[in-house]
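Welcome! Please have a look at the chain below, and then we can walk through a few of its features together.

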Amino acid sequence: MPEGQDEPGNEGGEAGSGQRCGLVAIVGRPNVGKSTLMNALVGQKVSITSRKAQTTRHRITGIHTVGESQFVFVDTPGFQTRHGTALNRTLNRTVQGALADVDVVLFVVEAGRFGLDDAKVLALLPEHKPVLLVANKLDAVNRRAEMMPWLKSMQERRDFAEFVPMSAQKKTDIERLLGIVRPYLPEQPWFYEEDALTDRTDRFLAAELIREKLFRLTGDELPYTSTVVIDKFEEEGALRRIAATIVVERDAHKGMIIGERGERLKRIGSEARQELEHLMDAKVFLELWVKVRSGWADSEEHLRSYGYE
């Protein structure tokens with residue numbers, strides 16, 4: 001929970017007739033489309049997206065209130081199945097902690113595909129929670145007839161509460177998914193105000209947006225063991241003054257980010273600033289620095305200082 005915020009309570013007021021509210025986890029292997037789905041369900045960007053796997057590192061809550069129902073979505077890191085660093089162990093604890101609290105789980109896979117990493121995630125899902133199988137990226141399936149034998153094989157793996165073939169890019173599919181999830185929300189008062197979109201602070205979202213631009217503009221050159229730390233976040237009326245440090249593990253990574261004559265770092269800063277101004281509806285003055293901290297991703301002390309749970 002961000003500093004200065006209370007635990008979710010009765011901020012939404014008394015429960016009316018049929019009012020529902022519940023926690024919905026979005027889980028799956030890395031790079032399966034969880035963050036894109038989260039943003040589509042909330043209706044605004046609250047989680048970063050990238051072609052690079054393992055970009056979501058924190059438990060991010062997105063909130064969508066429609067009619068009498070409030071959906072509180074928890075976007076988790078993809079379960080890390082290949083590396084044993086302290087960072088990856090922390091990410092996996094985050095996922096398992098999220099699953100312990102939720103009312104329903106959206107298990108996201110690519111439609112028509114199911115690999116070893118998907119199986120490892122499925123094996124870790126709690127037995128006593130309703131799990132909906134969300135077959136995302138349906139638009140990438142050439143022959144829909146091939147889906148039936150695939151679905152049959154999936155049903156043999158677990159007794160899923162629902163099967164939802166869809167594309168997170170389609171608004172009608174998103175609305176259909178919300179309708180399917182709604183009955184699984186407990187009848188209880190809302191946790192948040194009706195217009196709330198996320199429980200994360202602007203300071204946190206600033207770090208996430210900078211990190212998104214970092215990964216998008218460095219492509220596959222930069223290892224995912226890079227992070228962003230906000231050194232300063234000041235509000236002066238309609239102006240936000242933000243200073244941030246990009247932390248990398250090697251000097252070579254620093255050079256990749258800065259680029260020739262500093263051009264790549266300038267572009268990362270420019271694109272992040274423009275999106276932050278749109279998100280915060282304010283003028284943003286952004287300073288970016290790059291520092292080398294060797295071995296930070298395998299240091300519990302560094303992870304805690306950089307805000308990892």
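Lys-137 sits in the loop between strand S5 (131-136) and helix H4 (147-157). Its phi is near 60 degrees, a positive value in a residue other than glycine.

Arg-261 also has a positive phi, near 55 degrees, and is likewise a residue other than glycine. Look for Arg-261 in the loop between H7 and H8. With a relative accessible area of 68%, Arg-261 is exposed.

## About the model

You are looking at a predicted model, in which local features need pLDDT of at least 70 and side-chain atom pairs count only at pLDDT 80 or more, while totals for chains, interfaces and linings use all residues. Residues are numbered from 1 along each chain as its sequence is written, and side-chain values use heavy atoms, with hydrogens and water left out.

## The chain as a whole

The protein chain contains nine helices and nine strands. These are DSSP runs numbered from the N terminus: helices are H or I with at least four residues, strands are E with at least two. Of the 309 residues in the protein chain, 52% are buried.

Among contacts in the protein chain with a separation of 6 or more, 72% are made by residues 24 or more positions apart; contact means heavy atoms within 4.5 Å. The protein chain exposes about 14700 Å², and carbon and sulfur atoms supply 46% of that area. Accessible areas come from the Shrake-Rupley method with a 1.4 Å probe, and for residues only the protein chains shown count as cover.

Two strands pair if DSSP finds at least two bridges between them.

Strand S8 (residues 239-248) pairs with S9 in the parallel sense over ten bridges. As one example to find on screen, Arg-240 has Val-284 in S9 as its bridge partner.

## Aromatic pairs

The structure holds three aromatic pairs. Rings of Phe, Tyr and Trp (its six-membered ring) pair if their centres lie within 6.5 Å; planes under 30 degrees apart count as stacked, over 60 as edge-to-face and the rest as tilted. Phe-71 and Phe-73 form one of the pairs, stacked at 5.9 Å centre to centre with 0 degrees between the planes. Phe-71 is buried, at 0% relative accessible area, and Phe-73 is buried at 1%.

Why is the pair of Phe-107 and Phe-160 stacked? Their ring centres are 6.3 Å apart and their planes stand at 10 degrees, so the pair counts as stacked. This pair links distant parts of the chain, 53 residues apart: Phe-107 belongs to strand S4 (residues 104-110), and Phe-160 to the loop between H4 and strand S6 (162-165). Both Phe-107 and Phe-160 are buried.

Key:
Buried means under 20% relative accessible area, exposed over 50%, partly exposed in between (1.4 Å probe, protein chains only).
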